[in-house]
Each structure stands twice: as structure tokens, then as C-alpha cells.
Amino acid sequence: MPAPHLHHRPAVAPFSPDDDFDFEIRTSLGHAVEGASEPGEVLAAVSGVKKGDHEAWFAAWNGLGDRVRTIADTAAAAGHRESAAGAALRASAYFGVAVNALSALADTTELVPTFRKQREAWELFVSLGPARAERVDIPVGPDSMPGYLFRPQDPAAATGAALVAVNGSDGSLAALWASIVAAGLHRGYTVLVFDGPGQQSQLFEHDVPFRPDWENVLTPVYDFVSRQEGVDPACVGLYGISQGGYWVARALAFEHRFAAAIADPGVVDVSTSWTSHLPKSLLKLLDAGQTAKFDREMALGLKLSPGAARTWNFRARPFGTSGYAETLEAVRGYTVADVASRITTPLLITDPEGEQFWPGQSAELAALTSGVSTLVPFTAAEGADGHCQPLARTLTAQRLFDWLDEKLGG
């Protein structure tokens, strides 16, 4: 998704004058509720970064990740398992922000090495962390997707219910842990996470791009998780964060075996977060099929707007396209407007006040699925405004899991 639209005054004052930086800071601070950040070290690391200074932004997060990873290694060597696990989780989350920062720079030669630092810290956390974890490969046709199956540390606490957690367009697994996985484990859920097409290792190490037809991803995922020991096939839930809200809705239109699902938030048409930034004259060229002229004018416009060019490079990479028109035509294929009426799965849709990327689409998805959906507002008065309620993840987990528990018979 391109840069956010800020049409409202946030409940909490901005941490940075740069909208993109501010959103990342808020998201990182919100991850502190499950140990994936330390607010003081985050705010100290970014305090000197000026608006639009993307090189300094990357350096701040990469340096913080390096420093905290050293803490993890030192603690592990001394036998302090819990301290090492906590620092490894934070380091992985910080490297995740650094990867996104690096993706927007002109020189991305350190992209894969930085991603590997992120994943290595994650692997250390998984090995030492507070859950029984199994590294898995999920068959998808002739290929497979890497994933992690987490079970509550105490086997007696497991309820038989499972949750498949679908990441967004650019989130790290450490971020997903803090957003939903840990909360599920606290409640006795078995939780499966994985790298789907265009996500994380699939993108950075295997050059596998996004695909719109996630029923062909989540159907084999359901097949896999429903066969796991201790999982009741009738009690498998599904969760998607950010752009994962699109992938979940798309899959549910075709795959009906999930017992309940959550879109956080609802996404009907991914492309609007791109096209709403473009002049109508450019969109007319695209609609008329004048792709060469569209590409020329886009190239000129982005040359005059380095910030927008960085955002474009970052957001376009996972789609596996080249030209500007080709990319937008691909993104326009990510819509559920024509298939949402097929959804029969009970669906909770979060609706945060001040949604920056897909404003109004949670309510739109609820209207398209009115027979099965529940729209849950989150407000600025609660400190729960903005995309994915970044500073209200405890409140979010409470509402989502209370609903999910009821749907799965908990």
C-alpha cells in the first residue's frame, strides 16, 4: 500500500512529522504488549531521524536490531533463556522495520542480508520462546510454504481450536506474533503462521510474488492444519491483518471449511490505496489502455517526487511486475467485490476510526456479506484509531478472541 491518508487527528500526538515513519513507530510501540518492542529503546533510536531521511531511518532500525540481537546472544550464552528469547523477538521485529525501510532506498543490495538477520533472530526466538513450536512445510501443489505451528506451552491448556494467522503485505513474523499469535496461545489456541506468496522468505529469498487467488493458498493450509494432532477440524479459525484482510475475504468466497474468520480490517479492493493518489487524467490513460503514455507520465511524476518513488518501489516489489501500468493493472485484480456474496463463514470485520489505507472498505465488506458478518468499530476515544489499531492491540485481541471463542464453541 502506498503512503497513508491522514484525514483525521490521531488520538495520540504524532511521534514523527513523517506520516510513514509515524505509522511504523506506532505499530512498533503497539507490539510491546507481547514483548516485540521496548518503547524506550524504539523512541530513543528514532528520535533524531528527520522527515524524509530514509537513509537515517534505515540506519536507526538496523542499528537497534543489531544492538538488541547482541543482547540476545549474550543472554543465551550465559544461559538466560527467557532474556535471550525476549531480546531475539525484539531484534527480529526491529530488523523487520529495517527491511521495509531498505526496500524504499535506491540501493537495496543489503535487502536480503538484512532480511536474513531478521529471520535468524526470529529462529532464535522460536527455539527459546514461550511456546511449543514446530517448523513446518505446507504443501501447495508441487511447491510448499514454510511455516511455524505453535501450541500452548502447557498441553493441558490446549482447547482443540486452531487459528491460521495470515500476514499482511510486508509484516514480519515477529510483528504477527505480537499482533495475534501470542494472544491466541494465551487462550489455548494452536496457531499456524506461514510465508505465503510475496511474503517474507517467499519474496526475498525465492522471488515468489503475490497472487490474488488466495483460495488456492488457504485451501491447502486448511487441509494441513486440520490434520494436526490435537486440532478439531470443525474449530479452525482464520485471521488476516492489513492486506491479509483481502486475502482472507477472497479465500472465504471459495473455501467454506473455516469455522469463523476475522478481517483486520476489511479490504474489498486493494488497488484504491494506489489509485486514490493518482490524478484523474492519469487514470483515464490507464483505463483507455494507453499504457506507454501512462508509464512515461508516471516516470516523470515520480522523478519529481522522490518520496513517492521510494514508496512505489517498496510497494510494487511483491507484485512481480515491471512497468507502472502493468503494476496497477495487476493490483486492480485484487478485489472481492464480485465474489464476496459467496462468503458463508461467520466473519468479524474490524473498523478503526481514521483508517488510512482503505477508508470505508470495512463497512463495504460488511454490506457485501451482511448475512454473516459482524462489524466492530474501534475509536479514537479508545486510543484505537488508525490502520490495525496499532496502539490498542490488547483491546483488539480481547474483542476478536471473545467473538472467536463464541463462534468456535469456547
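Q: Which residues lie nearest the centre of the second largest pocket?
A: Glu-82, Phe-125, Gly-129, Pro-130 and Trp-177, out of 16 lining residues. This is a predicted model: local features need pLDDT of at least 70, side-chain atom pairs need 80 or more, and totals for linings, chains and interfaces use all residues. Numbering starts from 1 along each chain as its sequence is written, and side-chain values use heavy atoms, without hydrogens or water.

Q: What counts as a pocket or a cavity?
A: Both are sets of points on a 1 Å grid over the protein atoms alone. In a cavity a 1.4 Å probe fits but cannot get out; a pocket is open, with protein on both sides within 12 Å along at least five of seven lines. Lining residues have an atom within 4 Å of a point.

Q: Which elements give two or more residues to the lining of that second largest pocket?
A: Helices H4 (81–103), H5 (111–128) and H6 (173–186). H4 gives the most, with 5 residues. Helices here are DSSP runs (H or I, at least four residues), numbered from the N terminus.

Q: What's the volume of the second largest pocket?
A: About 300 Å³. Volume is the space filled by probe spheres set on the points, which are joined across faces, edges and corners.

Q: What lines the largest cavity?
A: 45 residues, with Phe-23, Glu-24, Thr-27, Asn-100 and Asp-170 nearest its centre. H1 (19–30), H3, H4, H6 and H13 (306–316) each supply at least two.

Q: And the volume of the second largest cavity?
A: About 140 Å³. Of its 18 lining residues, Ser-169, Asp-170, Leu-203, Phe-314 and Pro-318 are the closest to its centre.

Q: Now the helix pair. At what angle do H2 and H3 cross?
A: Roughly 140 degrees, for H2 (39–46) and H3 (54–77), with axes within 9 Å. Axes are lines fitted to C-alpha atoms over the stretch in contact; angles run from 0 to 180 degrees between N-to-C directions. So H2 is oblique to H3. Under 35 degrees is roughly parallel, over 145 roughly antiparallel, 65 to 115 roughly perpendicular, and the rest oblique.

Q: Which residues meet there?
A: Glu-41, Val-42, Ala-45 and Val-46 in H2 meet Trp-57, Ala-60, Trp-61, Leu-64, Arg-67 and Val-68 in H3. Contact means heavy atoms within 4.5 Å.
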